[in-house]
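Here's a quick look at how this one packs together.

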Amino acid sequence: SDEGFWDLLDRGLTVGIFQVEDGGIAKKIASRMRCRSIEDLAVLVALNRPGPLRAGYVDMYLDRREAGGEFDVLDPFIRDIVEDTYGVFVYQEQVISLFTKMGFSLEEADDVRRIMGKKKVREMEEFYPNYMEKATQHMGEKTANELWKELLGFSKYAFNKAHSVAYGIITLWTLWTKY
């Protein structure tokens, strides 16, 4: 049955399963998530990265998912960007969407994503006034600062969605092979 197939992840029987076998954290995320699709596996892969882990997004995502999807967001301005991921930044594309929605060009938004991804602290500090100028046109200063801190934590190595989905597919293959 399909249930027995997914049950391997639910029960933490992850030896030999790509991206899940070697870490206690991935195993815990998988057993709490109860993955049932490639999309779930993509989220699992994306959450098991230093950025989302450091930002506290893993528990936030799992708690909201377990609560049936009820969640508040830091500001209504970001709701549509993080709607599909229970109000949590999971993928780099969500950061790009946030910055373009604030009024940055696509090129500027991707530059920010790249700077964040490479952990270029000085460049991020230099960018902060530009961010605040645009962010405070859409939300209060306190909220904009909180969001900035979240984004800095998240950006310390997060995946893009295509990479996460590709890894999720390989995870599915290895799960199927083991099953």
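## The core

The largest nonpolar core has 55 residues, and Leu9, Phe89, Leu98, Phe99, Met102, Tyr131 and Leu147 touch the most other members. Helix α3 (residues 38-47) gives this core its largest share, 6 residues. A nonpolar core here is a set of buried Ala, Val, Leu, Ile, Met, Phe, Trp, Tyr and Cys residues joined through side-chain atoms within 4.5 Å; buried means under 20% relative accessible area, with a 1.4 Å probe and protein chains only.

This is a predicted model, where local features need pLDDT of at least 70 and side-chain atom pairs count only at pLDDT 80 or more, while totals for chains, interfaces and linings use all residues. Residues are numbered from 1 along each chain as its sequence is written, and side-chain values use heavy atoms, leaving out hydrogens and water.

## Around Met102

Leaving aside neighbours within four places in sequence, Met102 contacts (heavy atoms within 4.5 Å) Phe77, Tyr131, Lys134, Ala135, His138, Met139 and Leu147.

## α9 against α10

Tyr131 and Ala135 turn up again in α9, which, with Met124, Phe127, Tyr128 and Met132, meets Glu141, Ala144, Asn145, Leu147, Trp148 and Leu152 in α10. By class, that contact has 10 nonpolar, 1 polar and 1 charged residues.

## Arg49

Arg49 sits in the loop between α3 and α4 (50-54); helices are DSSP runs of H or I, at least four residues, numbered from the N terminus. At 10% relative accessibility, Arg49 counts as buried. Not counting residues up to four places away in sequence, Arg49 touches Gln19, Tyr157, Phe159 and Tyr167.

Notes: Helices (H or I, at least four residues) and strands (E, at least two) are DSSP runs, numbered from the N terminus. Ala, Val, Leu, Ile, Met, Phe, Trp, Tyr, Cys and Pro count as nonpolar, Asp, Glu, Lys and Arg as charged, and the others, Gly among them, as polar. Buried means under 20% relative accessible area, exposed over 50%, partly exposed in between (1.4 Å probe, protein chains only).
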